[in-house]
Number of protein chains: 2
Amino acid sequence: MKTLTVALGERSYPIHIGPDLLKTGSLVADTLPAPRAVLVTNETVGPLYARQLADGLEAAGVTLLDRIELADGEQHKTPATLEQVYDRLLEARADRKTAVIALGGGVVGDLAGFAAATYQRGVPFVQVPTTLLAQVDAAVGGKTAVNHRLGKNMIGAFYQPRVVLADTDSLGTLPDRELRAGFAEVVKYGLIRDPAFFAYLEEHAQAILARDPEALSEAIYRSCRNKAEVVAADEREADQRALLNLGHTFAHAIETGTGYTDWLHGEAVAAGMVMAAEVSRRAGLLSESDTQRITALLKASGLPVKGPADLATDRYLEIMGVDKKASGGAVRYILLEGIGRAFMTAEVPEAVVREAIDACR
Amino acid sequence: MKTLTVALGERSYPIHIGPDLLKTGSLVADTLPAPRAVLVTNETVGPLYARQLADGLEAAGVTLLDRIELADGEQHKTPATLEQVYDRLLEARADRKTAVIALGGGVVGDLAGFAAATYQRGVPFVQVPTTLLAQVDAAVGGKTAVNHRLGKNMIGAFYQPRVVLADTDSLGTLPDRELRAGFAEVVKYGLIRDPAFFAYLEEHAQAILARDPEALSEAIYRSCRNKAEVVAADEREADQRALLNLGHTFAHAIETGTGYTDWLHGEAVAAGMVMAAEVSRRAGLLSESDTQRITALLKASGLPVKGPADLATDRYLEIMGVDKKASGGAVRYILLEGIGRAFMTAEVPEAVVREAIDACR
């Protein structure tokens, strides 16, 4: 087991990473003010892992007052589902010291985290992410939210967990495609600020995708450490956190342009990072060989390195708001000066962006 | 104008108290990260004061994107009303820097404050309380919430405003009965921890109730200062904040026993404080003369010093959970060792409580 402490003063908390953690109830129990909790999971993950987690907690003296199984999917991350969670917490007579434990992917963590942040003005929260994406992304940063029909993550709060358990065993049942999509975000951390980590991933991508516990633990640990450093730095430098969006402007265009149906978020981020690299190369910032290393790693990991063939370049620019540049806010891009060296700029000629997208279709 | 700073490190904020504040837009404008806001008020207060506030803000360069008028009353402090506020914020295209300004009593402040705490994970919040109760209570402490059908204030957050404007002019249209009810909470601060303030109130009660701006400002200032000190102390001593509930255990019994219809909260608190004083006197803690001073001040202020005639003593004990004492948690009382000296204890014989309630019916 590896442990990383996210340093936030009084709200600091540990992230434990490795196999066999779900059943080690004491890792959670030791962080709680009272030995009672409510488990929030979904209909996919619950049947697979809730029992193990519950047994471990009970062995450590924690009573589960209720187990709430949400419907699976982003379309259920709504105020209506949140209401159901509040109802169940009240019916279970959960008090201010009763912990909410989220077991599942990003949707479960976001929604249960927001419930924990707001039930009786805040109760203890524990994250047990079961997807690679949630383990490397949601575990750090304290973002919780639900969607509103007029926008994603519009209702939310910053709220830190008491502890995060990233059990690599729970990735055993994750579909290959979702594992790869999570891996795109892992690669992102190397690209933004950690060239040594990028080199590690070039060497160990196949072991990670084969779910080797050692390689997975290392990848999750280094991803979380990088994100924790960015988030901590952000309290001083407002632009640092924006670097976490490398590839995301293009990815957003792909997701919106395809109606959020065919592409997983991580897949769109992979293609988006290639586009950002392509813009950087054409702007004379990134070398030919670095650009190739990026494309090669993503491709070897089974991730897309081109956008959808039927999404026109003009549509990208429209969604990205490039057409609105004249009327106020310039589009800001996250570009690369090298592997591990991302920065933000608004100084990119539209023609370069257009050529880069054209080249990645 | 008097100004009190609530000291909370990075989240410190000023409370401005006095006449003519609503129209002084710069007091708000200077605290905002961007010159735009949405006003949340209710159908009673909006028509009286929204225009003044809006004009003052506009003169200070702040654009109001929308003005939301909620239905008046505690029964509307619900998740459904909250949804309406979110909808309007989104329709107005309020962004992360757009402030939410609450103009009204406790219900508006609680609900708008929770909306501000959770819209896009938190936007700037400004309180403009227009009842005496809200000016001396809600202005300090950062509590925001909505009710759930299974319990009051069950969904909420701690969230601090950027600035509070307690305009004594806005009390000009407050019904006498509500002014008196707010005054009960003012008296409470003196009773808990500030004997000099209690003496000031004995001398100036009539001026305050006649809405003399100078006397009102002083009463509001000293109330807020006392609450701010208690709340700050609470970060170290967990029991300090509980003292703010002097009289509230009995008041809760009156409110519940009468179905929350006939008694205003402050009225129930007045009778409840007399009961707490009566218990203290019978337990040999509070002198006869101090007990009389308390009753005399409340009575002279037109507040009830007895509970409803038709509410049986047994019903009080039942609601207060005294009957459940044997099965676990003992009831804890806030009692007085003197005027300005409240403390908490669980060591009160049931017979004494029973006699005190009997004497106050």
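How far apart do the C-alpha centres of domain 1 of chain A and domain 2 of chain A lie? The separation of the two centres is 28 Å. The domain assignment of chain A places domain 1 at 2-171 and domain 2 at 176-359, such bounds being taken from an automatic or database domain assignment. The model is predicted, with local features requiring pLDDT of at least 70 and side-chain atom pairs counted only at pLDDT 80 or more, whereas totals for chains, interfaces and linings use all residues. Residues are numbered from 1 along each chain as its sequence is written, chains are lettered from A and ligands numbered from 1 in the order in which they are written, and side-chain values use heavy atoms, with hydrogens and water left out.

Between the domains of chain A, 24 residues of domain 1 are in contact with 24 residues of domain 2, contact meaning heavy atoms within 4.5 Å. About 2000 Å² is buried between the two domains, 72% of it on carbon and sulfur atoms; buried area is the accessible area (1.4 Å probe) that two parts lose on being put together, summed over both. On the side of domain 1, Lys2(A), Leu132(A) and Val136(A) lose the most area to domain 2, together 30% of what that side buries. Lys2(A) also forms a salt bridge with Glu218(A) through their side chains (2.9 Å, N to O). H5(A) gives the most, with five residues. Helices (H or I, at least four residues) and strands (E, at least two) are DSSP runs, numbered from the N terminus.

The interface between the chains comprises 24 residues of chain A in contact with 24 residues of chain B. The area buried between chain A and chain B is about 2100 Å², to which carbon and sulfur atoms contribute 60%. Two salt bridges are counted between chain A and chain B. A salt bridge joins the side chains of Asp87(A) and Arg149(B) (3.2 Å, N to O). Helix H3 (79-91), helix H4 (106-118), strand S7 (143-148) and strand S8 (151-158) of chain A each give two or more residues to the side that touches chain B.

Notes. Salt bridge = Lys/Arg side-chain N within 4 Å of Asp/Glu carboxyl O.
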